[in-house]
Amino acid sequence: MTAWDTVSITLMQGPQANHPQAVHFGAGNIGRGFIGALLAESGYFVVFADVDKILVKELNSHESYEVHVLEKAERTEEIHSFAGVSSRADEVTHFIASPSTRLITTAVGPNKLEKIAPAIAKGLKERRVANAGGLNVIACENMVGQTETLGRYVQCHLSQEENAWLSDSIGFANCSVDRIVPAPGSSHPENPLDVGVEGFFEWVVDETALRAPIDPPVQGMTLTGSLQAYIERKLFTLNCGHAITAYLGFIHGFDQIDQALKNKEILEDVRGALRESGAALAKKHGFEAKEHELYIERVLSRFANPKLHDDVERVGRQPLRKLAKGDRLLGPTIMAREYGLSIDHLARGIAAAFLFDVKDDPQSVELMEKVDQVGIERAVAEYTGFGVDSDEHRKILSAYKELEAMKYE
Ligand SMILES: NC(=O)c1ccc[n+]([C@@H]2O[C@H](COP(=O)([O-])OP(=O)(O)OC[C@H]3O[C@@H](n4cnc5c(N)ncnc54)[C@H](O)[C@@H]3O)[C@@H](O)[C@H]2O)c1
Ligand SMILES: O=P(O)(O)OC[C@@H](O)[C@@H](O)[C@H](O)[C@H](O)CO
């Protein structure tokens, strides 16, 4: 018998038959510290599916883990009712096919959605044959349209007939997911599953895409018919400001986000970028100016939480993903340009991303190599799509030169 067999037997003895169950892909920071925790607290048995074998073993050898809420008045929540399973092995498809499973959620990273699609498709095929009923899939990744993207990957593995059933019975609902969950580091030696989180959380789901009731309801999940405004407000404010803090913080030699934000120049750049992005968001979604200003200040105070110890390298990770067209940097910049608004601080944030030189981040290595090979002018044009003669390109380049000089001072 292999270690994986042991895991599957433990799982078979886990939840009672018909106990509501959720299969969650990705038992990392947000998986354990937010989505899995909320599901378990709402009465679901949570099957965490992960590629990390050691993590899966830990999930099956602990009956509970702690979520430490890192605010002035700290508190701890104890999470029960979960197990771990390999996301690759056939056993995850068995759980997807089970009539007890009512939700599939993910928090694996946007670039891993394609990888988990075959297992989800196989599980859904089995579910259809078993006549186990409909369910909803909600991908909790920082990306606009993440669940629809996953849905398209899943469709590629199904026949025409299976896809017809899929569109009637399986909801692929986009969402906005917000809670800062730093990497745990070495602060929880007694149980490696323990995780530290900020108090704030928001999980907003597109109810128009659901194909089955969310039953039991998930405490803290908001259903909306106008998700686009929520997701763009979150990605183009919180994640935009977070990324710019990380990239400018890196240049100034800070390791952690709260430390970086204590630097007045960085704070003013980040606040400036968020006001530029906010002006564009207000034009597009009609946000009220004073209310949005409060949202920005709330976001900045969340970054400044000294108890989070959130690493600049985590927040800046995968800079090429963050430099993609619809993402947190170019998304608000292009939107601001469409309305003829200023982008000086956003351009500085984009420029700073081109100086994020982290050896164990493959996307950072690729970016640095590109700049070395073709020069910064062409690299900026290629990644941003702004032509070398454009005003946007000029602004990014001039900020880059200034920041580069600062980095090597
Ligand atoms: N941490 C946060 O503050 C936060 C907040 C909101 C949203 N998010 C989003 O949540 C997602 C996960 O972020 P995180 O911080 O939890 O990252 P993480 O690295 O802590 O967790 C990712 C987990 O996914 C697992 N994984 C990777 N590939 C997999 C695969 N093919 N199948 C199954 N599991 C796989 C990893 O082993 C890991 O356990 C990202 O899209 C991120 O943008 C994070
Ligand atoms: O997870 P990423 O890499 O998309 O972005 C890094 C952080 O900005 C992000 O994880 C935030 O902490 C999170 O989005 C807060 O809700």
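Visitor: Which helix gives the most to the shell around ligand 2?
Guide: This is a predicted model, where local features need pLDDT of at least 70, side-chain atom pairs count only at pLDDT 80 or more, and totals for chains, interfaces and linings use all residues. Residues are numbered from 1 along each chain as its sequence is written, and chains are lettered from A and ligands numbered from 1 in the order in which they are written. Helices (H or I, at least four residues) and strands (E, at least two) are DSSP runs, numbered from the N terminus. With three residues, the top contributor around ligand 2 is helix 8 (residues 227-252).

Visitor: How do the residues around ligand 2 divide by class?
Guide: A residue belongs here if its C-beta atom, placed from the backbone, lies within 6 Å of the ligand. Among them are Asn142, Asp178, Arg179, His242 and Arg317. Ala, Val, Leu, Ile, Met, Phe, Trp, Tyr, Cys and Pro count as nonpolar, Asp, Glu, Lys and Arg as charged, and the others, Gly among them, as polar. The shell has three nonpolar, four polar and three charged residues.

Visitor: Where does ligand 2 lie relative to the domains?
Guide: The domain assignment gives domain 1 (3-225) and domain 2 (229-407); such bounds come from an automatic or database assignment. Both domains give residues to the shell, so ligand 2 lies between domain 1 and domain 2.

Visitor: How many residues does each domain put into the contact?
Guide: The domain centres, taken over C-alpha atoms, are separated by 30 Å. Contact means C-beta atoms, placed from the backbone, within 7 Å. On the side of domain 1, the class count is eight nonpolar, six polar and two charged. Domain 1 gives 16 residues, and domain 2 gives 16 residues.

Visitor: Which element supplies the largest share of the shell around ligand 1?
Guide: There are 27 residues around ligand 1, and Gly26, Gly28, Ser87, Glu141 and Asn142 come nearest. By class they are 14 nonpolar, seven polar and six charged. Helix 2 (29-41), strand 2 (45-50) and helix 5 (113-129) each supply at least two. The largest share, three residues, is from helix 2.

Visitor: Which strands stand at the edges of the open six-stranded sheet?
Guide: The strand order is 5-2-1-6-7-8, with parallel pairing. Two strands pair if DSSP finds at least two bridges between them. Each edge strand has a single partner, so one side of each is left without a neighbour in the sheet. The edges are strand 5 (82-86) and strand 8 (170-172).

Visitor: Which residue of strand 6 stands opposite glutamine 21?
Guide: Strand 1 (residues 21-25) and strand 6 (residues 101-106) run parallel. Five bridges join them. Opposite glutamine 21 is threonine 101.

Visitor: What is the bridge partner of valine 67 in strand 4?
Guide: Strand 3 (residues 65-69) and strand 4 (residues 75-79) run antiparallel, joined by five bridges. A hairpin of five residues links the two strands. The partner of valine 67 is glutamate 77.

Visitor: At what angle do helix 10 and helix 14 cross?
Guide: Axes are lines fitted to C-alpha atoms, for helices over the stretch in contact, and angles run from 0 to 180 degrees between N-to-C directions. The axes of helix 10 (residues 264-285) and helix 14 (residues 330-338) come within 9 Å. The contact includes Ala279 and Ala280 of helix 10 and Met335 of helix 14. The crossing angle is roughly 65°.

Technical notes. Two residues are in contact if their C-beta atoms, placed from the backbone, lie within 7 Å.
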